Amino acid sequence: MNKINKKNISKESVMYLHNKFGLELLEASIFARRGITTGNDLMYYLEDDVRFTHQPFLFNGMEDAVSRISDAIDEHEKVLIFGDKDVDGVTSTAILYTYLKQQGLEVQWRLPVGEDAYGLSIEAIDDFINSTEGFGSLIITVDCGISNIKEIAYARNKGIDVIVTDHHNPPDELPDATIILDPKMEDSGYPFKDISGAAVAYKLVSALRFSKYSIYNQDICLLNAYKKPDGTFHIDCLKTRNLIQKKLYSKDFYPGETSIYNTKLPDFLSGQQIFVWNEKEVKKNLAEVFGNNIDFQVFDLEPEVSKIIPVVKGKSLSYVKDISKFAKYSEFPFDEIQGFFSIFITFIEKKQKAHFPQMEEDSLKDLQLVGIAALADIMPMSNENRIFVKNALSSINKGKTRKGIAELLARMDLAGKQITSTDLSWKMIPALNASGRMGQSNISLQLLIEENPVERNKLAEKIIELNDQRKIYVTDGEMFTAKQAAENYEKFNRKLCIVVDERINRGVTGILAAKILQKYNVPSIAITFTEDGSTAIGSMRSCRNCIATDFLDSYGDFFLNHGGHNAAAGFSFERSKLDAFLKTAFILSDKMELTEEVTSTEIDAELPAEYITPELLKTVDKFEPFGEKNPELIFMSKNLKIQDAVIVGKTERQHLKLVFDCGKYKFPAMFWGEAERLNREFRTGDRLNLIYNIGKNNFNGNTTPQMILIDVENSMK
């Protein structure tokens with residue numbers, strides 16, 4: 001059996017999570033073992049409402065971006081959206097293009113196809129200028145642009161504004177773009193760095209949708225005044241704009257202590273719309289402090305909020321604060337002004353949804369693409385990425401699937417089935433990615449924006465064909481490079497593996513690098529060449545704390561272009577520099593300090609037989625969606641008796657279907673590809689120690705739990 005590790009946790013930490021957040025003891029112990037113990041982290045596991053995602057105007061450049069695009073809409077400018085060819089780039093482009101098209105904007109889109117390099121190109125800029133007869137005035141990049149210094153300077157010199165929306169690691173020198181929205185920039189203002197390019201595009205579109213609402217760009221002050229037990233009065237003033245807290249003024253006063261004009265309040269409140277909760281009470285308290293001669297012009301929000309959120313009717317802000325879910329998850333004391341601000345945001349968002357119901361429907365369709373992009377680009381399944389994916393799965397499973405996605409799911413025999421993040425990651429996303437890998441990225445984008453259902457069906461069929469071709473290219477690439485990979489793993493100090501072969505299809509270099517990484521557990525690079533042979537094209541996949549972009553950056557100005565993430569990057573360089581690339585890689589590999597390999601299986605919980613019940617599915621669902629930095633739950637159980645064992649499957653490597661006697665329940669299990677172990681290592685009636693996941697078996701519309709065995713040992717030997 002695999003070497004296992006079950007992290008020790010304290011009873012106190014488990015009971016804290018159980019008591020504070022109402023978690024079952026098993027759930028609490030798993031969260032504690034995974035180090036998910038703060039309210040801010042737990043919130044994204046226990047909640048799924050989009051209200052718990054970050055506000056788009058937290059991006060420092062968002063107001064400027066909305067203003068520039070709104071001007072383009074008003075002035076009927078000609079706009080180009082330039083994206084990337086992978087799933088993240090295609091979905092980003094689809095989200096922004098669909099919205100701008102709905103606004104009546106004359107908008108074009110373009111993705112890299114064929115031999116096109118990653119990122120905005122001079123050729124694309126010139127084509128945009130020529131196609132608009134010189135009237136093209138705005139380019140918006142999605143999922144790219146942060147490294148396109150030369151190209152953006154060229155566009156600006158041609159009189160074209162450029163808005164960069166990206167999520168890749170920024171270089172030391174940033175492009176001179178009109179506006180940049182990238183959460184990985186140090187001064188982005190956005191609190192979570194690891195969102196996809198599609199999420200950035202979605203935040204931009206969300207901000208544009210909000211700009212249609214009357215409260216957009218309005219300076220608002222939330223004012224509260226209450227008497228404290230010691231007889232002083234506490235006054236809070238919170239300035240907000242576009243649902244973002246801008247400034248807070250808080251101070252205690254004794255009655256009649258000072259004139260209001262000796263305080264900061266007049267300047268703080270000047271030019272603001274002032275909202276209060278229970279106008280009569282607030283004005284009474286203010287009069288106690290500053291006298292009756294001050295007339296505060298305020299608007300009482302409580303009656304309006306009560307129409308939409310009836311539970312707060314006639315209640316105090318203290319009550320509002322206490323029932324706030326944000327208060328439940330806050331690591332710090334949640335005071336009345338924070339409760340006021342929280343319910344103010346909820347109220348405004350509900351009003352906006354009611355006022356613009358079509359926008360709300362469109363936003364939910366966009367979230368499907370954001371969730372798909374998060375999984376496709378291997379974003380960590382933490383923070384708001386979890387809510388993106390949850391909402392994507394929820395709307396798809398409710399039959400509200402976005403056009404294009406619906407046709408593709410149907411072609412994969414997934415229509416009408418309960419879709420999981422695993423289905424998206426292992427079935428749909430590779431197919432959607434295939435067109436870009438095969439040099440025909442336009443097909444996936446056309447599928448997502450095409451209005452004609454007949455055409456969408458044709459496009460979905462073509463994508464399936466391209467995916468089948470992609471699988472062949474991957475198999476061929478593995479065959480071409482297997483011997484070279486083994487030799488180069490040794491050559492590069494067992495710290496790096498590089499394969500170079502002109503027969504590798506350039507669309508699968510990333511997949512091939514990933515497969516080599518999986519085999520050798522070191523950063524890996526796969527390189528091929530353009531059709532004319534002049535340019536080397538490569539992909540890097542990294543692990544063990546080697547940052548892919550840092551590795552490539554160490555080459556200086558060697559590349560024609562390069563960029564990416566910590567774990568995945570791409571590059572190109574002149575073929576004549578290949579020997580220099582390999583020599584430098586050898587020197588760098590010698591200096592690499594990779595973190596130690598993890599050789600043990602991390603156990604989330606050890607379950608005795610009586611705990612193995614269908615209720616385990618509820619525990620598993622708490623941790624869905626699984627993905628990067630949130631692997632599937634792994635359980636361990638000892639001494640379980642095999643009640644039944646059947647060999648299934650017609651392939652060369654057959655599977656085992658087992659049933660274990662767990663007392664009240666007889667629990668089914670699948671052991672994939674391990675049929676040969678039956679009767680050799682164990683037989684019916686034996687008792688086994690197990691390591692396993694809990695999966696779902698969907699049959700005839702019914703969902704039942706089953707173990708997916710990872711490893712076993714006979715406990716009777």
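Trainee: Leaving aside its neighbours within four places in sequence, which residues is T91 in contact with?
Mentor: A contact means that heavy atoms lie within 4.5 Å, and by that rule T91 touches A198, L369, A373 and L448 once neighbours within four places in sequence are set aside. This is a predicted model in which local features need pLDDT of at least 70 and side-chain atom pairs count only at pLDDT 80 or more, while totals for chains, interfaces and linings use all residues. Residues are numbered from 1 along each chain as its sequence is written, and side-chain values use heavy atoms, with hydrogens and water left out.

Trainee: In which helix is T91 found, and does T91 count as buried or exposed?
Mentor: Helices (DSSP runs of H or I, at least four residues) and strands (runs of E, at least two) are numbered from the N terminus, and T91 sits in helix α5, residues 87–102. Buried means under 20% relative accessible area, exposed over 50%, and partly exposed in between, with a 1.4 Å probe and protein chains only. T91 has 0% relative accessibility and therefore counts as buried.

Trainee: Which residues have the most contacts inside the largest nonpolar core?
Mentor: In soluble globular proteins, nonpolar side chains tend to be buried together. A nonpolar core is a set of buried Ala, Val, Leu, Ile, Met, Phe, Trp, Tyr and Cys residues joined through side-chain atoms within 4.5 Å. Here the largest such core has 140 residues, and L100, F344 and F581 have the most contacts inside it. Helix α8 (residues 197–210) gives the most to this core, with ten residues. A second, separate core contains 47 residues, including I36, Y329, F626 and L688. As for L100, and not counting residues up to four places away in sequence, L100 touches I69, I73, I81, L105, V107, I140 and L208.

Trainee: How many of the nine residues of helix α2 are buried, and what covers the buried residues of α2?
Mentor: Helix α2 (residues 25–33) is mostly covered, as eight of its nine residues are buried, namely L26, E27, A28, S29, I30, F31, A32 and R33. Their cover includes α1 (11–21), α3 (39–46), β18 (605–606), α24 and β19. Just after α2, G35 takes a positive phi of about 75°.

Trainee: Which residue has a positive phi of about 65° although it is not a glycine, and which residues does a cis peptide bond join?
Mentor: Most residues other than glycine have a negative phi, and most peptide bonds are trans. L243 has a positive phi of about 65° although it is not a glycine, and its place is the loop between β8 (233–241) and β9 (244–253). L243 is buried, because its relative accessible area is 6%. I378, also not a glycine, has a positive phi of about 55° and lies in the loop between α15 (357–376) and α16 (384–397). With 54% relative accessibility, I378 counts as exposed. The cis bond joins E624 and P625, with omega of about 0°, and P625 belongs to the loop between α24 (616–623) and β19 (635–648).

Trainee: How many helices and strands are there in the protein, and what does the C-alpha trace span along its principal axes?
Mentor: The protein has 24 helices and 23 strands, and its C-alpha trace spans about 90 × 75 × 55 Å along the principal axes. Of its 717 residues, 53% count as buried.
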